Amino acid sequence: MRNKRLLSVCMVFLLVVELLLYSGKVFVVQAEGVASSLSSEELRETAAMIAADTSPDLGVTAKAAVLMEADTGTIIYEKNATEQLSPASITKIMTLILIFDAIDSGQITLQDEVTTSAYAKSMGGSQVFLEEGEKQTVETLIKCIVVASGNDASVAMAEYICGSETEFVHQMNERAASLGMTETHFEDCCGLTESATHLTSAKDVALMSRELITRYPQIHQYSSIWMENIVHVTEKGSSEFGLANTNKLLKQYEYCNGLKTGSTSLAKYCLSATATKDGISLIAVVMAAPDYKVRFSEAKAMLTYGYGVCRLFTDENQEKLPLMLVENGVQEIVSLRYQGEFSYLSTDGTDVTQIEKRLELPNSCKAPAIEGEVAGRAVYYLNEVEIGSVDILYNENIERAGYWDYFRKMLEIYFI
C-alpha cells in the first residue's frame, strides 16, 4: 500500500514539474537586470572631471606642470601637460618601475649581487662612482638611483635585468606605451642623453609616477631617505660613500615622501614630487623650471593647493551583504560580494561625508547563479547625483535544479 502511494506521488510530481518547466512559469518573478550606460570607472572619471578645475592661477613659471591625485588619477592642475620636453633624470622613474617589475615577478631579488661593467662605470653626470667589477646588491643600487640619481647604478641595473641597456630601453618604451604615455620616447635608462628625441611630458611623468607609487608603495622606503652611506669594495679596498638625496623638498614640505629630480642643460630643472596627507597621495610634476629652487617651490605650491581643495571618500565595503533568493536552483539562496572598494575624489572642497550608498539588488535571481557574474550594484550619490558605483557579484555557483533535484526535495518533504 505504501509503495503504491509513493508511486502515485512521484508520478504526480513529475507531471507537475514537466508542465512548469516547459510552460516557463516556474517562479514567475523574473529577476530584473541592473544596468548602467556607464561603467563604475567611467562614472568616477566623469564625476572627477566635472568637479576638477585644472586651470587655477598658481603662478607656475616652469614650462610645464601637472598635479595629480594618485588613487583616482584625477588631474587637479595642469600647464602645458602634454608638451614634449626633455626629462633628464626623472627618466629613472621608468627605470625603477622595470626594476620593481623584475623583483615582483621573481626574476631578481633585493639581495642579488650586481657586477658593474666598464660601460656602466663610464657614465658621467650624477654618479656614485662604481668601479668596474665592483659588486653591489640590487637594494643598494636602488638607493643609489633614487637618492643620489646614480647614472652608473641605473645602467648597471639595466644590464643586469636585460643584458644590455639597449634592450632595457626597449622594454621601458613598451611599459610606457602600456601606461598610455603617448608623448614619451626613451633613448637611455638614466636621462643623461641630450638627444632631441628623448622626450616625455608632464602628464606622462605623472602617469609613470602614479604607477610606481601605487603598484610598488615600498619605493617610499627609499625615496624618503635623506642621507645614507654605502660601502665600495674594490681591489683598492673598502671605502664609504655618502648618498645625499637630491630631492630637497623632503626637508621643505612635511608631507613629501619622494620621488625624483632631474636636470641637464637641455631639460633645465625637473621634479616629480610625491606627498601623502590625510590618506590622500598627490603627485606634483614640474618640467623645465628656470632654476633648481623654483622646481621645489612650485611643486610645494601645487601640493599645498591640492590639499586645500581635495577631499577623498573611500568606502571599503565592510558591511555584510544580504543573501539573495535563487529560483529553480539546487540551493535556495546565494551569497554576494562587492567587486572592490569605491573611492571618490572631490576637488572643489565638497563635504564628502554627505555621500550616500544605496544597494540596487533584485529580490531574487533565477538559477544558474555563476560566481563572479553581476547580481546588482552599490550606487553612490552626492546631493542626489550619482557619482559612481561598484558591482555586486555572486559569491558562489548555484546550479539550476533538474528533475532529480526536485524529486529529492519531494522525497525529503514527504518523508519528513
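This is a predicted model: local features need pLDDT of at least 70, side-chain atom pairs count only at pLDDT 80 or more; totals for chains, interfaces and linings use all residues.
A search of the whole structure finds nine aromatic pairs.

Let me begin with Phe-100 and Tyr-222. Their rings form a tilted pair, with 6.5 Å from centre to centre and 45 degrees between the planes. Phe-100 belongs to helix H3, residues 92-105, and Tyr-222 to helix H9, residues 220-223. The two residues are 122 positions apart, and the pair thus links distant parts of the chain. Are these two residues buried or exposed? Phe-100 has a relative accessible area of 3%, so it counts as buried. Tyr-222 is likewise buried, because its relative accessible area is 5%, under the 20% limit.

The second pair consists of Phe-129 and Phe-241. Here the arrangement is edge-to-face, with the centres 5.9 Å apart and 70 degrees between the planes. This pair also links distant parts of the chain, the residues being 112 apart. Phe-129 lies in the loop between helix H4 (118-121) and strand S4 (135-137), while Phe-241 lies in strand S6, residues 237-244. As for accessibility, Phe-129 counts as partly exposed at 47%. Phe-241 has a relative accessibility of 21%, so it also counts as partly exposed.

I return now to the first pair. Phe-100 and Tyr-222 form one aromatic cluster together with Tyr-216.

Lastly, I turn to the charged residue. Which ring does Arg-358 lie over? Arg-358 is placed over the face of Tyr-381, at 4.2 Å from the ring centre.

Methods. Residues are numbered from 1 along each chain as its sequence is written. Side-chain values use heavy atoms; hydrogens and water are left out. Rings of Phe, Tyr and Trp (its six-membered ring) pair if their centres lie within 6.5 Å; planes under 30 degrees apart count as stacked, over 60 as edge-to-face and the rest as tilted. Helices (H or I, at least four residues) and strands (E, at least two) are DSSP runs, numbered from the N terminus. Buried means under 20% relative accessible area, exposed over 50%, partly exposed in between (1.4 Å probe, protein chains only). A charge sits over a ring if NZ of Lys or CZ of Arg is within 6 Å of the ring centre and within 35 degrees of the ring normal.
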